[in-house]
Amino acid sequence: MMFLKFQYIAVLTILQCIARAAVITDYLIGKQLLNKRESYTAQDYAVSTLPSLDGIPTEQIPQMFAGYVDIDQSIDEKYFFFRFNKTQASNNNRLIFWYNGGPGCSSMDGALLESGPLFVNQEGKLEYKKGTWLETGDLVYVDQPAGTGFSETEQPDSELNKIADDMLTFFEKYFALFPEDLGKEIYLGGESYAGQYIPYFGARILTQAADKYNLKGLIMINGYIYPDVQNLSIFDYALDNKLITDAQYNSRKVQQMIAACNTTIAQTQEEYASIFKTMEQTGEYESTDGSDSNKVEDDDCSSILEALLDMTLDKSAPTDQQCLNQYDFSLRDSYPACGMNWPVEEPALNTFLNEQSVYADLHLDGSQKWTECADAPYNALVNHNSYPAFFKLPYILSKVKIMLMVGENDLVCNIYGMQDMVNKLTWGSKSTPGYSNGVNWGDLTIADNSTVFGQAKYEDGLWLAKIAGASHMVPYDHAVASRAAIDLFFDDYSLDGTTYVAKSYGDN
Ligand SMILES: *[C@@H]1O[C@H](CO)[C@@H](O)[C@H](O)[C@H]1NC(C)=O
Ligand SMILES: *[C@@H]1O[C@H](CO)[C@@H](O)[C@H](O)[C@H]1NC(C)=O
Ligand SMILES: *[C@@H]1O[C@H](CO)[C@@H](O)[C@H](O)[C@H]1NC(C)=O
Ligand SMILES: *[C@@H]1O[C@H](CO)[C@@H](O)[C@H](O)[C@H]1NC(C)=O
């Protein structure tokens, strides 16, 4: 997993130079494919087979569609999507788009390790994913922004605003292929840095295409929505979970970092909020301050995670256990990877997706090798004119509902940070920030299983759910619980006292 990555810019540049020579011939082939693509229909995207798919019981094999749509031919920009629906009649009318984070990490993680119906195990074989969200909606996984996963471009996007434009273009192309999906309730979901993408997409649809798409809600799992505030929470969260000692927490260095980050937040919050108000009033989403700083994450909060991970270094442990796994604090990893070698299925997924036969099955031309997290879109996204997605939430919540789901073992986008963020958010009919007094947590269970999977609370369109023992990638290790949480969001639950009882699909 590479949610926040180390840089390999120099190496990448050299590799790109070498790759250029080979591009010329591929380019011609690509152009021919591209002209053909103009006339494609849904059937041209049908996926009829995948290696080891026959190991799955026939009734659990989903219907699949995958391939490219063009976004901007002038820069050879195309998006790859992977769509799943049930083979037997669907019992709902929902369509969920899914985005992984990074920036630059592929949504094939979501499709083949998390909420999707198929799971690539460590042997590289497909299994049916217990707890898949396919039971509660049709699913479309999109590799974006271009340069991510299988999606290609000659010019990666530099602003979240542009990425939102591209998603609107993707929607136009996608729904032209699957017009029957236009009648469905649309949800946007995903995780981590998608906490930036999803509110940008949601706000863009609501302001520019509300009449076209029946957008019903946004689902963000361990979303990176207000980076400063969430980074600030890391030391407190680590202390309360005994990842660092009182002495470490109280050290001068740590206290100075906390104070500096806190000051930055106080300084920027008012400024950003007023910029966003203006943007919403004018419908103009580019800022005009002209400075070349990254507005989404620019400041004194940036060294907190690294400092924390350094503190957890245990040189006496075996090499692969010396650091904390920042995505699940109950696990360890080597240093300085600290979680980058996780999930353990990642190498097998990489091999699987780069098999020639899989390229063919997914209607790919093999022109871009799959990597979990790509550097080019990460490095390109400088966000000089885009602000943290947090400031879009009040507007979005005035139109549609939002679910914030948090795996409680995640350190990087931990539950404290999410709560701190909500405590700064004023939404709905309230005039003070945060959930009102008296809005309490209720336990989350499932109809035929009384296990308490976590807790949830709700007020005025905003759900907050925390999933016990789950990592940064909740549906990877707690898929059943993650599906129960989104069924709360879909109103598919009953109340037993203060306990939320989600629907059962018999695969708990
Ligand atoms: C699955 O999706 C395809 C493409 O939209 C559609 O033709 C088919 O009817 C769907 N299957 C079910 C069971 O809804
Ligand atoms: C951050 O500053 C605010 C005042 O702006 C204060 O109330 C709060 O306690 C501070 N938090 C930390 C973690 O220092
Ligand atoms: C939060 O921490 C990460 C990891 O160190 C860093 O890359 C990012 O810039 C930080 N965000 C902010 C707003 O400082
Ligand atoms: C209930 O869920 C827990 C946690 O996922 C699981 O360990 C247990 O086997 C489930 N029990 C039943 C009866 O399905």
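Is Cys301 buried or exposed? At 1% relative accessibility, Cys301 counts as buried. Keep in mind that this is a predicted model.

**View 1. Cys261 and Cys301 are joined by a disulfide.** The two sulfur atoms sit 2.1 Å apart. This link connects distant parts of the chain: Cys261 belongs to helix 8 (residues 252-282), while Cys301 is in the loop between helix 8 and helix 9 (304-311), 40 residues apart. With 100 degrees about the S-S bond, the link is right-handed. Cys261 is buried too, at 0% relative accessibility.

**View 2. Here Cys105 pairs up with Cys373 in a disulfide.** Their sulfur atoms are 2.0 Å apart. Cys105 lies in the loop between strand 4 (94-99) and helix 2 (108-113), and Cys373 in the loop between helix 11 (356-361) and helix 12 (375-380), so the bond ties together parts 268 residues apart in sequence. The S-S torsion is about 105 degrees, so this disulfide is right-handed. Cys105 is buried at 2% relative accessibility, and Cys373 is buried at 6%.

**View 3. Cys323 and Cys338 make another disulfide, S to S 2.1 Å.** You'll find Cys323 in strand 10 (residues 323-324) and Cys338 in the loop between strand 11 (332-333) and helix 10, 15 residues apart. Both Cys323 and Cys338 are buried. A search of the whole structure turns up 3 disulfides.

**View 4. Leu349 sits in helix 10 (residues 346-353).** Leu349 is buried, with a relative accessible area of 0%. Leaving aside neighbours within four places in sequence, Leu349 is in contact with several residues, including Met108, Leu112 and Trp370.

Key:
Residues numbered from 1 in each chain as written. Chains lettered and ligands numbered in written order. Predicted model: local features only at pLDDT ≥ 70, side-chain atom pairs only at ≥ 80, totals over all residues. Heavy atoms only, no water. Helix = DSSP H or I, 4+ residues; strand = E, 2+ residues; numbered from the N terminus. Buried < 20%, exposed > 50% of the residue type's maximum accessible area, 1.4 Å probe, protein only. Contact = heavy atoms within 4.5 Å. Disulfide = S-S within 2.5 Å.
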